[in-house]
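Let's take a walk through a protein model together. Have the sequence and the 3D view open, and follow along one stop at a time.

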Amino acid sequence: MSDRLCTVLLYSDDAQVRDRMRMAVGTRPAPGLQIEFVDASTYAETIRLVDDYEIDLLLLDGEASPGGGIGIARQIKDDRDDAPPTCLVIARAADRWLAAYAEVDATLVHPLDPVTTGGTVAELLRTHAPA
């Protein structure tokens, strides 16, 4: 049986944050799942990639600037009936109320724990993304 290949879009204005997100998820977060990553560093680039490609999951940096992951998540959820599942990485657990406003499917807190991050991504891909 082959692994299911899923595309995860990593959004942050900071390349180091995207690298930390990529390393925390890994290319095989769970048996049967293989991840390929697409990077975006701006709001416009993120929207273009979601519009032009089949993205299975959005992993968004809530601390990005000037376009934060919270605003991007909300915009995509408002604009698309087929929005991919979204995971927002926040700096403070107290910001989960903002994530709820943005209608994200899951939140993670900086610094990212690889076990928690991989498990969260795998669960979102298994339960929300089309097979």
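Does D61 count as buried or exposed? D61 counts as buried, because its relative accessibility is 3%; buried means under 20% relative accessible area, exposed over 50%, and partly exposed in between, using a 1.4 Å probe and protein chains only.

Before going on, a word on what you're looking at. This is a predicted model, where local features need pLDDT of at least 70 and side-chain atom pairs count only at pLDDT 80 or more, while totals for chains, interfaces and linings use all residues. Residues are numbered from 1 along each chain as its sequence is written, and side-chain values use heavy atoms, leaving out hydrogens and water.

Back to D61, which lies in strand β3. (Strands are DSSP runs of E with at least two residues, helices are runs of H or I with at least four, and both are numbered from the N terminus.) UniProt, in an unreviewed entry, places the feature "modified residue: 4-aspartylphosphate" at D61; such annotations may be inferred rather than shown by experiment.

Now look at the whole strand. Five of the five residues of β3 (residues 57–61) are buried, so the strand is largely enclosed by the rest of the structure. In a regular strand the side chains alternate between the two faces of the sheet. Here both faces are covered: L57, L59 and D61 are buried on one side, and L58 and L60 on the other.

What sits beside β3? Strand β1 (residues 4–11) runs parallel to β3 and is joined to it by four bridges; two strands pair if DSSP finds at least two bridges between them. L9 has L58 in β3 as its bridge partner. Four bridges also join β3 to the parallel strand β4 (residues 86–90), where V89 stands opposite D61. To get from β3 to β4, the chain passes through helix α3 (residues 69–79), making a right-handed β-α-β crossover. Right-handed means that, with the strands pointing away from you, the path from the first strand over the helix to the second runs clockwise.

Next, find D56 in the loop between α2 (43–52) and β3. D56 is buried but has no salt bridge, and R4, the nearest side chain of opposite charge, is 4.6 Å away. A salt bridge needs a side-chain nitrogen of Lys or Arg within 4 Å of a carboxyl oxygen of Asp or Glu. A polar atom of the D56 side chain does lie 2.7 Å from the backbone nitrogen of T7.

Key:
Lys, Arg positive; Asp, Glu negative; His and termini not counted. Polar contact = N/O pair within 3.5 Å; in protein donor to acceptor, adjacent residues only side chain to side chain.
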